[in-house]
Amino acid sequence: MSLALSLGRRGLGRTWPNPSVGCVIVRDGVIVGRGWTADGGRPHAETRALAQAGARAQGATAYVTLEPCSHHGQTPPCTQALIDAGVAHVVAAIQDNDRRVDGNGFAMLRAAGIQVTTGVLADQAAQDHAGFFMRNGLGRPWVTLKLANSFDGRIATATGDSQWITGPDARRLVHGMRAQHDAVLVGAGTVRADDPTLNVRDLGIAHHTLRVVISRHLDIPIASRLVQTVDNLPLWVCHGDTAPSDRIDAWRNIGAQTISCALQGQGVDPGAVLSALAQRGITRVFCEGGGNLAASMLAADLVDELIGFQAGVVIGAEGLPSIGAMGVDQLKSAPRFKLHQLTEVQGDVLQTWRRDRTD
């Protein structure tokens, strides 16, 4: 199962709206087939592993990181493929919460006389499939908020100088994180200040994560690097429902997809943005700021994971804070996360914190 999970992680960020599943088929102690969900969501992991195993799947054990699908979509259900292949035993990490499956896959397998074992490395599988589960259950994607700041929580000096606070190894790791998410999300302020491309670089891979920008008035530079690369890198722009129609048309004409979202206070409602992304198939979002967007996401309790890169440099109070005002007046009302991992990255510190939704 550990191998199946590692295979499934290869597809993270590439398979939406489908989950990234891993499958390993074993017969007489020998691996005869393995696979993971292909880019775009199909073929599914079980189908690819069974194709590799061929006739050797007869009487074998299939290890899968998620309950095999039992419904007819664009392809036949994987449960039927496992049954037709003569698999004797299916070991699954966790049950699918998609209402079209949700135990039906296991029931079909058992009805066909196949032994079914569940719950193996379920905690790891739950984390790997968290975005898929969250989209099914809550109607929004999993959100990782990434911050790269000085020791005192600044992302730039008072003059706006920010390149580079962290080192090259930390920045390369960020690109790897982008690649494992369906979409990278920033606010209009970040586009105006940094003119980012938001692509995946320095990893030797051709895959690029979907780029999403939130801009209430669509008043971001039309000549930005986001626009210059829109022919090769998809771009979605989430704007307020009162944005000028001529600006909406202009962004559509350059090839961006525009998404109208409700307003909340002085900005676009972050919950409405996430709901709109989920409706379009997004399961995992990598939010890279800036400070106002980070604050709105945190204040609305929409952040599931905090990734923090901290450098050993001190900028001072006049520097730009990594998170904007949140209106927290009592500590007990501040969002609190639990430490998951702490790692040194060539002189910088990487912290991973996750929201405990059991509180």
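Buried means under 20% relative accessible area, exposed means over 50%, and partly exposed lies in between (1.4 Å probe, protein chains only). Keep that scale at hand for this tour of a predicted model, where local features need pLDDT of at least 70, side-chain atom pairs count only at pLDDT 80 or more, and totals for chains, interfaces and linings use all residues. Residues are numbered from 1 along each chain as its sequence is written, and side-chain values use heavy atoms, with hydrogens and water left out.

**Stop 1: Thr190.** Select Thr190 in helix 8 (residues 188-194); helices (H or I, at least four residues) and strands (E, at least two) are DSSP runs, numbered from the N terminus. Thr190 has 11% relative accessibility and so counts as buried. Beyond its neighbours within four places in sequence, Thr190 touches Asp195, Pro196, Gly289 and Gly290, where contact means heavy atoms within 4.5 Å.

Stop 2: Next, colour the nine strands that form an open, mixed sheet in the order 11-10-9-8-14-6-15-18-17. Two strands pair if DSSP finds at least two bridges between them. Strand 11 (257-261) and strand 17 (337-345) are the edges; each has a single partner strand, so one side of each lacks a neighbour in the sheet. On average, neighbouring strands here are turned by 20 degrees against each other, direction ignored.

Now show helix 11 (residues 270-279), which packs on the sheet and touches strands including strand 6 (142-149) and strand 11. The direction of helix 11 makes about 135 degrees with that of strand 11. Axes are lines fitted to C-alpha atoms, for helices over the stretch in contact, and angles run from 0 to 180 degrees between N-to-C directions. Helix 12 (residues 291-299) also packs on the sheet, at about 110 degrees to the direction of strand 8 (183-187).

**Stop 3: strand 17.** Strand 17 runs antiparallel to strand 18 (residues 348-355), joined by eight bridges. Look for Phe337 opposite Arg355 in strand 18. Then pick Leu339, also in strand 17, which is partly exposed at 47% relative accessible area.

**Stop 4: strand 4.** Finally, move to strand 4 (residues 89-92). Side chains in a regular strand alternate between the two faces of the sheet. In strand 4 both faces are covered: His89 and Val91 on one side, Val90 and Ala92 on the other, are all buried. Strand 4 pairs in the parallel sense over four bridges with strand 3 (residues 61-64), where Val64 has Ala92 as its bridge partner. Four bridges also link strand 4 in the parallel sense to strand 5 (residues 115-118), with His89 opposite Gln115.
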